Amino acid sequence: MKIRPSILGILLLTAACTSPAPPPDSRPLGDVTASPQECDLISADAIRMATGLTSYKAFGTKTDMGRDFESCTVSARSGQRDESGLMIEVFEPPPASREGLENTKKVNHGHDLPDSLGPGFAARRKNAQDRTIAFVYGWTPDYRRLLTISIIQNAPGRDPLADATEFFRQLKPHLLPNLTQETRPKPAQPR
């Protein structure tokens, strides 16, 4: 049996042009608040590891006259257009009701966070550009504050949902402190 050279050539070219999937990268993110930092809180090394971005810009916002972290958006620098890679946001109060968040969890086939992380869930969804976004939403037990972590662009071989959950685990003590009677702001006393 004789194989025609054109068919053999096509098969060889196809095999040569097909790139294998990147090997899994399961290295831990490390301390996600280590220096150097972006947005006065988020480790630049953790951002690079989770997103794979080497050239990016980070933009942070604060509330309470610059004292409290509100958000950090990391975008790839790609010519004229910036593309989001990572978004971390704190909402007080949350913009959606508990029922709305439960609906978001159901629609996106989310799963509850481990009990040690408190109320919340992790899921994946598609954005308008048909890219998969891994996200974690978690809130305080009294539902006064909501912390969201979204990884829009992930590094090859990384599990973006695991990375978003790890960002949440480490940032929660900083951004969603336990509000107990001792730490809850006290109402003004009448004079």
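Ala, Val, Leu, Ile, Met, Phe, Trp, Tyr, Cys and Pro are classed as nonpolar, Asp, Glu, Lys and Arg as charged, and the others, Gly among them, as polar. The model is predicted, so local features require pLDDT of at least 70 and side-chain atom pairs pLDDT 80 or more, whereas totals for chains, interfaces and linings use all residues. Numbering runs from 1 along each chain as its sequence is written, and side-chain values use heavy atoms, with hydrogens and water left out.

By these classes, the lining of the largest pocket comprises eight nonpolar, three polar and two charged residues. A pocket is an open set of points on a 1 Å grid over the protein atoms alone where a 1.4 Å probe fits, with protein on both sides within 12 Å along at least five of seven lines; lining residues have an atom within 4 Å of a point. The volume is about 160 Å³. Of the 13 lining residues, Glu-89, Arg-125, Tyr-137, Thr-148 and Ser-150 lie nearest the centre. Strands S5 (81-91), S8 and S9 each supply at least two lining residues, and S5 gives the most, with four.

Tyr-143 is located in the loop between strand S8 (132-139) and strand S9 (146-151), strands being DSSP runs (E, at least two residues) numbered from the N terminus. Tyr-143 is buried, at 13% relative accessible area (buried: under 20%, 1.4 Å probe, protein chains only). Beyond residues up to four places away in sequence, Tyr-143 touches Pro-94, Ala-96, Ser-97, Arg-98 and Leu-101 (heavy atoms within 4.5 Å). The side chain of Tyr-143 reaches the backbone oxygen of Ala-96 at 2.2 Å and that of Ser-97 at 3.5 Å. The C-alpha atoms of Tyr-143 and Ser-97, 46 residues apart along the chain, are separated by 9.0 Å.

Definitions and conventions:
Buried < 20%, exposed > 50% of the residue type's maximum accessible area, 1.4 Å probe, protein only. Polar contact = N/O pair within 3.5 Å; in protein donor to acceptor, adjacent residues only side chain to side chain. Points joined across faces, edges and corners; volume = space filled by probe spheres on them.
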